[in-house]
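Work through the following exercises with the sequence and the structure at hand. Each task is followed by a stepwise solution.

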Amino acid sequence: MTFVTPVLNYAQLAPILIVFAGAIIGVLIEAFAPRAARHSSQLFISTFALVAAFAALMTVRNQSSVDAAMGSVAFDGAAVLIQASILIISFLAIFLIADQENFTALAAAVPGSQEERQALQGDMRVTEVYPLTLFAVAGMLIFPIATDLITLFVALEILSLPLYLMAGLSRRRRLMSQESALKYFLLGAFSSAFFLFGIAYLYGYSGTITLSGIQESIVGGAGNDIFLLMGIAFLSVGLLFKVGAVPFHAWTPDVYQGAPTAITGFMAAATKIAAFGAILRIFYVGFANAEWQWKPALVVIAIITMIFGSVVAITQRDVKRMLAYSSIAHAGFLLAGVIALSKSGLDSSIFYLFAYGIATLGAFAIVTLIRDSAGEVTDLNRWSGLGKRSPLVASVFALYLLTFAGIPLTSGFIGKFSIFSAAYESGSTAILITGVLASAIAAFFYIRVIVLMFFKDPVEDGTSVVIPSALTTITIAVSATVTILLGVFPAPLLNFIETTAFFIR
Amino acid sequence: MNSLTLLGILPLIGALLIAVIPAEQVLRVKQAALGTTILVAISAIMMWLNFDESNTAFQFVQSVEWIPSFGINYAVGVDGLSLVLILLAVLLTPIVVLAGWNESEGGRWSAKVFYILILVLETMMIGVFAATDVFLFYVFFEAMLIPVYFLIGGYGSGERAAAAVKFLLFSLFGGLLMLASIIGLYVISSKNGGATFDITELSEMHNYMSSTTQNLLFLGFFIAFAIKAPVWPLHTWLPDAAASATPGTSVLLLGVLDKVGTFGMIRFCLSLFPDASKTFTPVIITLAVISILYGAFLAIGARDIKRLIAYTSISHFGFITMGIFAMTTQGHSGAILYMFNHGFSTAALFIVAGWMIARRRSSTIADFGGLQRVTPVMAWSFFIAGMSSLALPGLSSFVSEFLVLVGTFTRYPVAAVLATFGIVLAALYILIPVQKALHGPTTPGNENLPDLNRREKFAIAPVMAVIIALGFYPAPLLNVINPVAAQVIESQGFTDPVPSESAGK
């Protein structure tokens, strides 16, 4: 057996490598830098790494090849768009993470122990969250561009493992946070096993682990279709788990609620983009010709996901759980873009992902601002009268709710319109009708929150709106602006996506 | 700049102006709002004078690319139908501002916010009638809900929050069904000669649809408009909304916004789906007749004066819908004129009722009595408004109601005969409250009610003038309306039935 020296296209891999480098430097800072200097240097390193990665991505934005890493990753227009979205959202998310009020002082300390009290009094901070974030971002950058199943699996693990840890870092209600982390980890491990199992079946079917190889086998029609079906099914379980589609959604509300809100925002926005990026590539490139094997199942899952997410969200009393169910419903809407299996399906999915990611991050940023003496207040009843306490904060949150509901002149409306028309164009009338009905149901609970904020009187129970830190303000301002701009003048971004987005095969 | 676009922007400029006035200077805010709305009304009248009555094509057109990826344009223009409704909207707005001079105080937010909402709403009312691009129409149609929602929920009385939510959810539900139909139209147009939302081009698309598709798309539009209009059995939101809103908001809601429903039936249902319109005509005529009688019966039983006016409107909207779907020129002319006249007679009723309620601090009809002796001017104003509502000959509503009935009789004699009972019932539902509230002995507690002051007389005088003038001489409006009515009927492939005298011989 001879080993061939791998030929790597470093320019195209640079964004990933830069983020990895930033993460490793972060680990070194944790190990060697004095405690006092850690926070600022970590913040600097991570923002710098993300900006540098974005710049590196922009220098190669017009390139496309399948040889960036010996055929393991594909670099094309869709990759650039999705990676750019992930980097932008991670950059904004870092600002939220920098607000350390959200995080425990010492993750290793047992909740309620003497050690924890000392850590709190000693003003310690969990600066390790920065390298963890960067590792997750690196995994997210690889996930949507991987073209062989092993790379895909490795990327999935790289992005998941840090997230499991980060979910347990909450400063308050630590037991709940740790429970959610454990739940996320166990279910995640379970779904990873399914994913791996699917890879094995697909290898058995086609004798290869590359997406293009699988595609050729499907076109050739030589293999055993049972293996193909099992392979697609198990692989899909792993992927649908990550995006929180029904019936693989059970972790979503608990983890969204338990994790520190900044992490929830990051996870909800960036993971969804990365996972849908990967799903789009796998189904558009790998399984496109097996359309009839997976489409009916995916249509059913999309329909159930839209309806379930919207209906269950109505009963929620906690803002983070409500946003979690809303994200489940949105996963259903996004699956419509996968089902469309067309150029317009790809374009609309990318637009939707970006618009939704930005708004989600903004919404969770607002959640971090509503606090009492015991930390964030997520009980919706205590949000009543927010419009009176702080009209600006309430208005911006209402804007995010309206964009989630898909009201015209917000980015969510353009996203919904484009993704539903793509689905209908490819013949999925059922998706269009369910999507519209689910949107109507969803509108109900979004509006209920608006009623609560604006038409109810404030309850005097110590709930207050804190003045956001400068960095959090930037995140909120940017996401609100983008949400309105993409609603009123979506043409530039839509045109850009239309001319850029394609999958190299 | 295009005069129509300018007309639409004017209220927005006024809103910005108000936004910079300090909230404490309430009088300045009110003056600015009144000034802006009067200016808009004058500009609209200037436009009417420049309008070429003989031309049935859109005039004052402007078309700018908005979202080229989807073939969406900012496209506006007016024909006789939209001109009449824009006139209605911009003439009623200053009257509402003047009549409800103190409505803005005592709400949940400042007077400033009230007038900003009113002016934003005015822009959207102009936009919704002027849009010649279906997508643009939809954007205004949906976005319009937000200011109304806050006007009802923030400044209304009683169960205002619940009424606002009910209004919003009903409208959103209808809007989303319409969105599904719009997506359907868009996809059909993109498969047949290029994606477009232009109303004229889309009116050719019915040639490419199967009858099932056309029926479904028609229903999507029609249900949205039937909720708006409101047609029985989709009317239940209206009495609640009208009873909770301030009188001024109710005038705009019933007088103008609900006309979007009947406007949409003509502009979209009939012209986009001619065959489906014919298929559904018998059902719709039946619903319209039920609305006429049902609304009238409920009005007779109403104890609350605002609810009474809302129920009479349901009855009147039945007449308008019947006139539209009778598919005769007279029916159409009558329906369009009815839209205008109903706007003014409802405005008169609501404005005077609002003053009565504000003075008596009660909206129960039984609490009034003998007002004619105490407050003669107010009582006479209410009397004339009521007579207009029951379509007394010599007042404006008579002309339109007569045209609708004649137009319907030539094609659907049974429906016309049944609808005529609506007129008999109208006499009851108007004369009973007139007798209870205005005549008879003065009810204790009413002895010292003040009569209309000078501002109120100024506000109601133009409404009365229009009601009486158009009753004697409706030609200025009919000259604008008739060509467009004839053109719609002709494009539907109908010819007016000639009444034959020999039938009975």
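**Exercise 1.** In the hairpin of β1(B) and β2(B), which residue takes a positive phi?

Solution. Some conventions come before the steps. The model is predicted, and local features need pLDDT of at least 70, side-chain atom pairs count only at pLDDT 80 or more, while totals for chains, interfaces and linings use all residues. Residues are numbered from 1 along each chain as its sequence is written, and chains are lettered from A and ligands numbered from 1 in the order in which they are written.

Step 1. Find the strands; helices (H or I, at least four residues) and strands (E, at least two) are DSSP runs numbered from the N terminus. β1(B) covers 59-67 and β2(B) covers residues 72-78.

Step 2. Check the pairing, for which DSSP must find at least two bridges between the strands. β1(B) and β2(B) run antiparallel and are joined by six bridges; one bridge partner pair is B:Ser63 and B:Ala75.

Step 3. Look between the strands. The hairpin has four residues there, and B:Gly71 takes the positive phi, near 70°.

**Exercise 2.** Give the strand order of the open sheet of three strands in chain A.

Solution. Step 1. The order is β2-β1-β3, with antiparallel pairing.

Step 1. β2 (375-376) and β3 (464-465) of chain A each pair on one side only, as edge strands.

Step 2. β1(A), residues 370-372, pairs with β3(A) over two bridges in the antiparallel sense. In this pair, A:Ile370 stands opposite A:Val465.

**Exercise 3.** Describe the side of chain B that touches chain A.

Solution. Step 1. Count the residues in contact (C-beta atoms, placed from the backbone, within 7 Å). There are 23 in chain B and 24 in chain A.

Step 1. Assign them to elements. β1 (59-67), α5 (134-143) and α7 (160-191) of chain B give two or more residues each, and α7(B) gives the most, with 14 residues.

Step 2. Sort by class: Ala, Val, Leu, Ile, Met, Phe, Trp, Tyr, Cys and Pro count as nonpolar, Asp, Glu, Lys and Arg as charged, and the others, Gly among them, as polar. The side of chain B divides into 19 nonpolar, three polar and one charged.

**Exercise 4.** Classify two helix pairs by angle: α6(A) with α7(A), and α17(A) with α19(A).

Solution. Step 1. Axes are lines fitted to C-alpha atoms over the stretch in contact, and angles run from 0 to 180 degrees between N-to-C directions. Angles under 35 degrees count as roughly parallel, over 145 as roughly antiparallel, 65 to 115 as roughly perpendicular and the rest as oblique.

Step 1. α6(A) (residues 149-166) and α7(A) (residues 174-206) pack at about 175°, with axes 10 Å apart, and are therefore roughly antiparallel. Among the residues in this contact are A:Phe153 of α6(A) and A:Phe185 of α7(A). By class, the contact has twelve nonpolar, three polar and one charged residues.

Step 2. For α17(A) (residues 411-425) and α19(A) (residues 470-488) the angle is about 50° and the axes are 6 Å apart; these helices are therefore oblique. A:Ser411, A:Phe413 and A:Ile414 of α17(A) meet A:Thr483, A:Leu486 and A:Gly487 of α19(A). The classes here are three nonpolar, three polar and no charged residues.

How values were computed
Contact = placed C-beta atoms within 7 Å.
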